[in-house]
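This report describes a single protein chain, first as a whole and then at one selected site. The sequence and the structure are shown here for reference.

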Amino acid sequence: MSEGGFLIKFNGKEETRCYAIAFDYDKWEYTINNKETRELPENLEAITLEVKGE
């Protein structure tokens, strides 16, 4: 997956690559690859998902 999967950007800034992502707006967090949960950034205006090929 080093070149494939999703490229996640918050407010236009590259955050991470992953093969799965889930958002929980009640808790203001997201989980990548069904394992690692992180808080969403403050002042979030846009989330972009780009599909990247291998």
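From the N terminus on, the elements of the protein chain follow the order β-β-β-β-β-β. The radius of gyration of the protein chain is 11 Å, close to the 10 Å that the globule rule gives for 54 residues, so the chain is as compact as a globular protein of that length. The model is a predicted one. In total, the protein chain contains 0 helices and 6 strands.

Overall values for the protein chain are collected below.

| Property of the protein chain | Value |
|---|---|
| Span of the C-alpha trace along its principal axes | about 35 × 25 × 10 Å |
| Buried residues, as a share of the 54 residues | 22% |

Among contacts with a separation of 6 or more, 35% join residues 24 or more positions apart. Regarding charge, the protein chain carries 7 positive and 12 negative side chains. The centres of these two sets lie 5 Å apart.

Asn33 is located in the loop between strand S4 (29-32) and strand S5 (36-39). Is Asn33 buried or exposed? Its relative accessible area is 16%, and because buried means under 20%, Asn33 is buried. Leaving aside residues up to four places away in sequence, Asn33 touches Cys18, Tyr19 and Ala20. With Tyr19, the side chain of Asn33 reaches the backbone nitrogen at 2.8 Å.

Key: Residues numbered from 1 in each chain as written. Predicted model: local features only at pLDDT ≥ 70, side-chain atom pairs only at ≥ 80, totals over all residues. Heavy atoms only, no water. Helix = DSSP H or I, 4+ residues; strand = E, 2+ residues; numbered from the N terminus. Rg over C-alpha atoms; globule rule 2.2 N^0.38 Å. Buried < 20%, exposed > 50% of the residue type's maximum accessible area, 1.4 Å probe, protein only. Contact = heavy atoms within 4.5 Å. Lys, Arg positive; Asp, Glu negative; His and termini not counted. Charge placed at Lys NZ, Arg CZ, Asp CG, Glu CD. Polar contact = N/O pair within 3.5 Å; in protein donor to acceptor, adjacent residues only side chain to side chain.
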